[in-house]
Amino acid sequence: MTVPTPLTRRALISAGSATIAGAGVLALAACSSPATGGSGDGSGSAPSAPTAATGTEVIKLSDIPVGGSKVSKIGDVPVVLAQPTAGNVVCFNAVCPHQGCAVGAAGKQYACPCHGSRFNAETGAVINGPAVTGLTPIKVKVSGDAVVTV
Ligand code: FES
């Protein structure tokens, strides 16, 4: 037969601390994204680099509006491209540095549909967060009527 132990003030404080610590662990777990391993602080994992052979066509030049932007892919990697001036093309990995969603083309910006980060289409720099770093550039060049990997 077990004799019940009277609850002491120390036992109650100890039990309360364990509960608070447990709640903290749960709160931290809720902030991270299991799909990406992101920390929830705006510094998600680095996007993977495309592994396409040099000269792989990314998009037709005429498909990118001058002064605008467009989405495409290099293999399985989503990319965004902009043509700030005629024949001048830039390309970025479309994986958002916040938590890994694919950003979309939005004229002179790229927009992330998940948490609203926006990026400069020409430079890939963050215009507003929660992302704290810009998009990863990908080297491309214009070859004839196409944009190709370098
Ligand atoms: S994934 Fe959160 S803003 Fe893009």
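Reply: Two strands pair if DSSP finds at least two bridges between them. By that rule, in this predicted model, four strands form an open sheet in the order β5-β6-β7-β8, with antiparallel pairing. The edges of this sheet are β5 and β8 (126-128), and each has a single partner strand, so one side of each is left without a neighbour in the sheet. Direction ignored, neighbouring strands here are turned against each other by 35° on average. At one end of the order, β7 and β8 run antiparallel and are joined by two bridges. Across this pairing, Arg118 stands opposite Asn128 in β8.

Cys101 lies in the loop between β4 (88-93) and β5 (104-106), while Cys114 lies in the loop between β6 (109-111) and β7 (118-120), so the bond ties together parts that are 13 residues apart in sequence. The torsion about the S-S bond of Cys101 and Cys114 is about -95°, so the disulfide is left-handed.

How accessible are the cysteines? Cys114 has 38% relative accessibility and therefore counts as partly exposed, since that class lies between the limits of 20% for buried and 50% for exposed. Cys91 has 2% relative accessibility and so counts as buried. Cys96 also counts as buried, because its relative accessibility is 2%.

Strand β11 (residues 146-149) pairs with β10 in the antiparallel sense over four bridges. Within this sheet, Lys141 stands opposite Val148 in β11.

Finally, the confidence of the prediction should be kept in view. The mean pLDDT of the protein is 79, and 68% of its residues reach 70 or more. Over residues 1-41, pLDDT stays under 50, and the model has 13 contacts beyond four places in sequence for this stretch.

Technical notes: Residues are numbered from 1 along each chain as its sequence is written. This is a predicted model: local features need pLDDT of at least 70, side-chain atom pairs count only at pLDDT 80 or more; totals for chains, interfaces and linings use all residues. Side-chain values use heavy atoms; hydrogens and water are left out. A disulfide is a pair of cysteine sulfur atoms within 2.5 Å. Buried means under 20% relative accessible area, exposed over 50%, partly exposed in between (1.4 Å probe, protein chains only). pLDDT is the predictor's confidence in each residue, from 0 to 100. Contact means heavy atoms within 4.5 Å. Axes are lines fitted to C-alpha atoms, for helices over the stretch in contact, and angles run from 0 to 180 degrees between N-to-C directions.
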